[in-house]
Amino acid sequence: MKKTIYNKFDKKLISSLPPVAFSGRIEVIISENEANKAVDYLLSQDLLGIDTETRPSFRRGEQHKVSLLQVCDDNICFLFRLNYIGMSGSIIRLLEDKTVKKIGLSLHDDMIMLHRRAAFDAGLFVDLQDLVGEIGIEDLSLQKLYANIFGKRIIKRQQLSNWENAVLTEKQKLYAATDAWTCIQLYKELVQMKETKDYELVIVDDTASELTCSNQ
């Protein structure tokens, strides 16, 4: 049975979908020694999900540096607290690596924020926003993409929380890990869809509110 996806997913439908969350192990990294071990492990894997979090600014002209770099495989997510350890040598090694695919969303923005902390030459990264366009999806947010392709809801309540808290809450840690992990799941599914063509794209006509179908 073909998977049905939409070029634009109705945001109003997301709240009714069942939630999804990372179920693996989460490790918070606050020292260079821990970072070295984490990066050694991550670079031994085949595929990684990546994302960043920054303390939100609520005053005009106020800007904060990126606080958290989260990187995971299917089983473990490492939360590198950059506001504590900065862009250590091991983190630079991870970001410059050209052997392991690192999957993210809107990576241009993440790279800008990371480059504000330290200079590095970005290695092997894949932006999901580049992949979805190839199969006709126009949405670019992680929440909409996951709802569209998997029919589940990424809970975003922690997005504007304080990522420079002395200790991250369990909800913050789970949110951060889920964002990185869902990038891997989306990448795998998009690659398979592209290879098998086993999906039906429904085109939502915003002006006429009509649906037309086309097989890809």
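W181 is buried, with a relative accessible area of 13%; buried means under 20% relative accessible area, exposed over 50% and partly exposed in between, with a 1.4 Å probe and protein chains only. This is a predicted model, in which local features need pLDDT of at least 70 and side-chain atom pairs count only at pLDDT 80 or more, while totals for chains, interfaces and linings use all residues. Residues are numbered from 1 along each chain as its sequence is written, and side-chain values use heavy atoms, with hydrogens and water left out.

**Aromatic pairs**

The structure holds six aromatic pairs. Rings of Phe, Tyr and Trp (its six-membered ring) pair if their centres lie within 6.5 Å; planes under 30 degrees apart count as stacked, over 60 as edge-to-face and the rest as tilted. Two of the pairs are listed here.

| Pair | Centre to centre | Angle between planes | Class |
|---|---|---|---|
| F22 and W181 | 6.1 Å | 55° | tilted |
| F78 and F80 | 6.5 Å | 40° | tilted |

F22, at 5% relative accessibility, counts as buried. F78 and F80 are both buried as well, and together with Y41 they form one aromatic cluster.

**Strand β6**

Helices (H or I, at least four residues) and strands (E, at least two) are DSSP runs, numbered from the N terminus. Six of the six residues of β6 are buried, so this strand is largely enclosed by the rest of the structure. One side carries I76, F78 and F80, and the other C77, L79 and R81.

Two strands pair if DSSP finds at least two bridges between them. β6 pairs in the parallel sense with β3 (residues 25-29) over five bridges, and V28 stands opposite L79. β5 runs antiparallel to β6, also joined by five bridges, with L68 as the bridge partner of R81. Three residues separate β5 and β6 in a hairpin.

**Nonpolar cores**

A nonpolar core is a set of buried Ala, Val, Leu, Ile, Met, Phe, Trp, Tyr and Cys residues joined through side-chain atoms within 4.5 Å. The largest has 36 residues, and I5 and L128 have the most contacts inside it. Elements that each supply at least two residues of this core include β5 (66-72), β6 (76-81), α7 (170-196) and β10 (199-205). α7 gives the most, with eleven residues.

Not counting residues up to four places away in sequence, I5 touches I135, I137, N148, I149, M193, Y199, E200, L201 and V202; contact means heavy atoms within 4.5 Å.
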